[in-house]
Amino acid sequence: MNNIRQKALFIIDNVYNKGAFLEEQLNIFKQSNISDRDFTFVKNITTGVIRNRTYLDYVIKINSKIRFKKIHKIIAIILEMAIYQCYFLDKIPNYSIVDESVKLAKLYGNKGSSSFVNAILRNIVSKDKVVVKIEDSIENLSVYYSHPKFYTKYFYENYGVELTRNLLKANNQESDFVIRVNTLKTKKDNLSKLLKYENFNVRDGLVPYSLIIENPKNIFDTQAFREGFFLCSRFFFN
């Protein structure tokens, strides 16, 4: 049994069903005795599954004879994780994904859960990736980009299909890591030069007195942070 996949399962379950925040869960996990490789794997799966939940559930629905609402929540997450790995991660063989998912289902499901998971996943991996046509349908846009239908409908009806598609697509992308310059202690240009000197890739943010850091790993270990030259409200996990 791959304990890393179990951890990813627990994190997603906490976010879906227990009101937890993903970044907080990942931050707690980061503090444990875990390798960078394993942390990156868990982060990629949890973030990817949550962002693509609507699409992943759509794939489950069209491959399951059981109504989606009747599938146990944990089993649904196991399937979401497996489908995400099959469709979006290239380095993991499908047979390994199916095998690990069946083991998880045996551990956390009932007697028939492992057979159910095995049947659905073997059916999915035997076919091409499910394609959702997105040209002119609110329903399809919502499924493909994993956004609530009411949200998609609002922008579709008020701003048109092109802007809606671009907006939904942007929402699924990794957000920039932004810091806010503490103008009581330094100037924006001075902070930018200081961070660039320490080999950070820095560019102007959209908001006044903000900077975007493209490679923020170890940003909180800098003298600039210790001196209070900038503030940040986001956790960073890479």
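1. Basis of the model. The model is predicted, so local features are given only where pLDDT is at least 70 and side-chain atom pairs count only at pLDDT 80 or more, while totals for chains, interfaces and linings use all residues. Residues are numbered from 1 along each chain as its sequence is written, and side-chain values use heavy atoms, with hydrogens and water left out.

2. Domains. The domain assignment of the protein gives domain 1 (4-126), domain 2 (138-172) and domain 3 (177-232); such bounds come from an automatic or database domain assignment. The centres of domain 2 and domain 3, taken over C-alpha atoms, are separated by 34 Å.

3. The sheet. Four strands form an open antiparallel sheet in the order β2-β3-β1-β4. Strands β2 and β4 stand at the edges with a single partner strand each, so one side of each lacks a neighbour in the sheet. Strands here are DSSP runs of E with at least two residues, and helices are runs of H or I with at least four, numbered from the N terminus. Two strands pair if DSSP finds at least two bridges between them.

4. Strand β1 and its partners. β1 (residues 178-181) pairs with β3 (residues 210-213) in the antiparallel sense over three bridges. In this pairing I179 stands opposite L211, and V178 stands opposite I212. Two bridges join β1 to β4 (residues 230-231), again antiparallel, and V181 stands opposite F230 in β4.

5. Faces of β1. In a regular strand the side chains alternate between the two faces of the sheet. The covered face of β1 carries I179 and V181, whereas V178 and R180 belong to the uncovered one. Helix α11 lies across β1, β2, β3 and β4 and runs at about 15° to β3. Axes are lines fitted to C-alpha atoms, for helices over the stretch in contact, and angles run from 0 to 180 degrees between N-to-C directions.

6. Helices α2 and α3. The axes of α2 (residues 22-31) and α3 (residues 36-51) come within 11 Å and cross at roughly 165°. This makes α2 roughly antiparallel to α3, a term for angles over 145 degrees. The contact (heavy atoms within 4.5 Å) is made by L22, L26, F29 and K30 of α2, and by residues of α3 including F39, V42, T46 and I50.

7. N182. This residue lies in the loop between β1 and α11 (188-197). N182 is buried, with a relative accessible area of 16%; buried means under 20%, exposed over 50% and partly exposed in between (1.4 Å probe, protein chains only). Leaving aside neighbours within four places in sequence, N182 is in contact with G228, F229 and F230.

8. Positive phi values. Most residues other than glycine have a negative phi. N199, in the loop between α11 and β2 (202-204), has a positive phi of about 70° although it is not a glycine. N199 is exposed, at 62% relative accessible area. Y209, in the loop between β2 and β3, also is not a glycine and has a positive phi of about 65°. Y209 is partly exposed, at 44%.

9. G19. The loop between α1 (3-17) and α2 holds G19, which counts as exposed at 56% relative accessibility. The C-alpha atoms of G19 and Q223 are separated by 36 Å, the two residues being 204 residues apart along the chain.

Methods
Parallel < 35°, antiparallel > 145°, perpendicular 65-115°, else oblique.
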